[in-house]
Amino acid sequence: MAVTTMGPESGRTPPPQGSLSKGGSSLLPGGSLGTFLGPQGKHYACGCMAAFTNIVVTFPMQKVLFRQQLHGVLAMEAVRQLQRDGLRNLYRGLLPPLLQKSTTVAIMFGLYEDFSRVLLDRVGSSGIPELGTRSFAAALAGTTEAILTPFERVQTLLQDHRHHSRFNNTAHTFRTLLTEYGVRECYRGLVPVLLRNGPSNVLFFGLRGPIKEQLPEATNWAGHVVNDFVCGGVLGAALGIMFYPLNVVKSRAQSQVGGAFRPCGEVLLTVWRERGGSLAMLFRGAHLNYHRSLLSWGIINATYELLLKVI
């Protein structure tokens, strides 16, 4: 079936009457919260809570993946590195991605809805296809997310064992970067973030509706959760593989403290040469990234859609 819009409703079948409610009221105490947040604020809140849930569940896997991206080691070697670091350091660096991801996913869903609404009102009957308008809204939302690049920067430094003795925690890392190097240092790695965020947002919002329409029709709330998990997970995994080299470049650039800001292409070429010009080595860790993205975006999409229904 052809789908001409990228709206979140495009791939969403309304849940059966009563599937998420009892006697006309929500099973979860979210009615008053939904009223407080309003129709627009709800998307920000649901995105934030969905990302929070995801980060807490998948953070250890993310640390293994980061070590593979940074050092080009096998998964078991990355796990052994974490074992040597000890349980005390397993969740070291959790706060930056928790703050960053909760905020960026809130921005991703919330601004996409806001930009879509504003742009559709402005273009009106100008003849511009709705798909194009929503694609632009998705790209704008993704670009805006890049404002929070400093959180990814700090996360990278805290996860890199070479900096364990220099940076104590999130606040100390921010303070050190700002006082010793300035604001610009916090935005090291911005270019690959921008190249990743805009296009991936366009594809995510453009394809999740059509993908969900191909899944078996859900007849209860559990079926909707499963479908949303599969839809988000498949998209997240595919986009994670597609943009994996940009994440490798970002990790390498952000692991440096001080010194010249090297162009994105130069960093990629350096990594390519260090890994023997091997595509397999460049994508080392991609299989774990695939599984992490499958789980992460499955959780985010399913939690977001579920919260939209119950708040």
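Does Trp-297 count as buried or exposed, and at what relative accessibility? In this predicted model, Trp-297 has a relative accessibility of 16% and therefore counts as buried, since the cut-off for that class is under 20% relative accessible area. Phe-204 is likewise assigned to the buried class, with a relative accessible area of 3%.

In soluble globular proteins, nonpolar side chains tend to be buried together. The largest nonpolar core of the model comprises 39 residues, and within this core the members that touch the most others are Phe-109, Phe-204 and Phe-205. The greatest contribution to this core comes from helix H3, spanning residues 95–123, which supplies seven residues. Another core, of 11 residues, lies apart from it and includes Val-64, Ala-78, Leu-82 and Val-248.

Aromatic pairs number eight in total. One of them joins Phe-109 and Phe-204, whose ring centres are 6.3 Å apart and whose planes stand at 80°, so that the arrangement is edge-to-face. This pair links distant parts of the chain, with Phe-109 in helix H3 and Phe-204 in helix H8 (residues 190–213), 95 residues apart. Phe-204 also pairs with Trp-297 in a tilted arrangement, at 5.2 Å centre to centre and with 50° between the planes. Because Phe-204 belongs to helix H8 and Trp-297 to helix H13 (residues 286–310), this pair ties together parts that are 93 residues apart in sequence. Phe-109, Phe-204 and Trp-297 are members of one aromatic cluster, together with Tyr-112, Phe-205 and Tyr-304.

Charged side chains are also found over an aromatic ring, that of Phe-261: Arg-184 lies over its face at 4.0 Å from the ring centre, and the charged end of Arg-188 sits over the ring of Phe-261, 4.0 Å from its centre.

Conventions: Residues numbered from 1 in each chain as written. Predicted model: local features only at pLDDT ≥ 70, side-chain atom pairs only at ≥ 80, totals over all residues. Heavy atoms only, no water. Core = buried A, V, L, I, M, F, W, Y, C linked by side-chain atoms within 4.5 Å. Buried < 20%, exposed > 50% of the residue type's maximum accessible area, 1.4 Å probe, protein only. Helix = DSSP H or I, 4+ residues; strand = E, 2+ residues; numbered from the N terminus. Phe/Tyr/Trp six-rings, centres within 6.5 Å; stacked < 30°, edge-to-face > 60°. Lys NZ or Arg CZ within 6 Å of the ring centre and 35° of its normal.
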